[in-house]
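Visitor: I would like to learn how to read a structure such as this one. Please take the features one at a time.

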Amino acid sequence: MNNYPTNHTDNQWQVIEKFLDVQERKRKYPLRNITNAINYLLKTGCQ
């Protein structure tokens, strides 16, 4: 995983993780990576 300025810190992820059902099902990609990608797109836009 690349380290972008839009990535969640560990403390931020602990707060966000409480609102998501992380253990709900098996996923191809971790939810943390998906939320980091969404934040990146929100910050930079889709070029």
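**Reading the model**

Guide: Asn36 counts as buried, at 4% relative accessibility. Buried means under 20% relative accessible area, exposed over 50%, and partly exposed in between, with a 1.4 Å probe and protein chains only. This is a predicted model, where local features need pLDDT of at least 70, side-chain atom pairs count only at pLDDT 80 or more, and totals for chains, interfaces and linings use all residues. Residues are numbered from 1 along each chain as its sequence is written, and side-chain values use heavy atoms, with hydrogens and water left out.

Visitor: How many helices and strands does the protein chain have?

Guide: Helices (H or I, at least four residues) and strands (E, at least two) are DSSP runs, numbered from the N terminus. The protein chain here has two helices and zero strands. Asn36 has its place in helix H2. The C-alpha atoms fill a box of roughly 35 × 25 × 20 Å along the principal axes.

Visitor: What share of the 47 residues counts as buried?

Guide: The buried share is 17% of the 47 residues. As for surface, accessible areas come from the Shrake-Rupley method with a 1.4 Å probe, and for residues only the protein chains shown count as cover. The protein chain exposes about 4,300 Å², of which carbon and sulfur atoms supply 54%.

Visitor: How far apart do the centres of the positive and negative side chains lie?

Guide: Lys and Arg count as positive and Asp and Glu as negative, while His and the chain ends are not counted. The place of a charge is taken as NZ of Lys, CZ of Arg, CG of Asp or CD of Glu. There are 7 positive and 4 negative side chains in the protein chain, and the centres of the two sets are 7 Å apart.

Visitor: Which residues is His8 in contact with, leaving aside its neighbours within four places in sequence?

Guide: Contact means heavy atoms within 4.5 Å. With those neighbours left aside, His8 is in contact with Trp13, Ile16, Arg32, Thr35, Asn36 and Asn39. His8 sits in the segment before helix H1 (10-17). Its C-alpha atom is 6.5 Å from that of Asn36, 28 residues apart along the chain.

Visitor: Is His8 buried or exposed? And with which side chain does the side chain of His8 make a polar contact?

Guide: His8 is buried, because its relative accessible area is 11%. A polar contact is a pair of N or O atoms within 3.5 Å; within protein, one must be able to donate a hydrogen and the other to accept it, and residues adjacent in sequence count only if both atoms are side-chain atoms. The partner of the His8 side chain is the side chain of Thr35, at 3.3 Å.

Visitor: Where is Thr6, and what does Thr6 touch?

Guide: Thr6 is also placed in the segment before H1. Not counting residues up to four places away in sequence, Thr6 touches Asn36, Asn39, Tyr40 and Lys43. With a relative accessible area of 17%, Thr6 is buried.

Visitor: How many aromatic pairs are there?

Guide: Rings of Phe, Tyr and Trp (its six-membered ring) pair if their centres lie within 6.5 Å; planes under 30 degrees apart count as stacked, over 60 as edge-to-face and the rest as tilted. By this rule there is one aromatic pair. Tyr4 and Tyr40 form it, tilted, with 5.2 Å centre to centre and 50° between the planes. Tyr4 lies in the segment before H1 and Tyr40 in helix H2 (residues 31-44), so the pair ties together parts 36 residues apart in sequence. Tyr4 is partly exposed at 36% relative accessible area, and Tyr40 counts as partly exposed at 36% relative accessibility.
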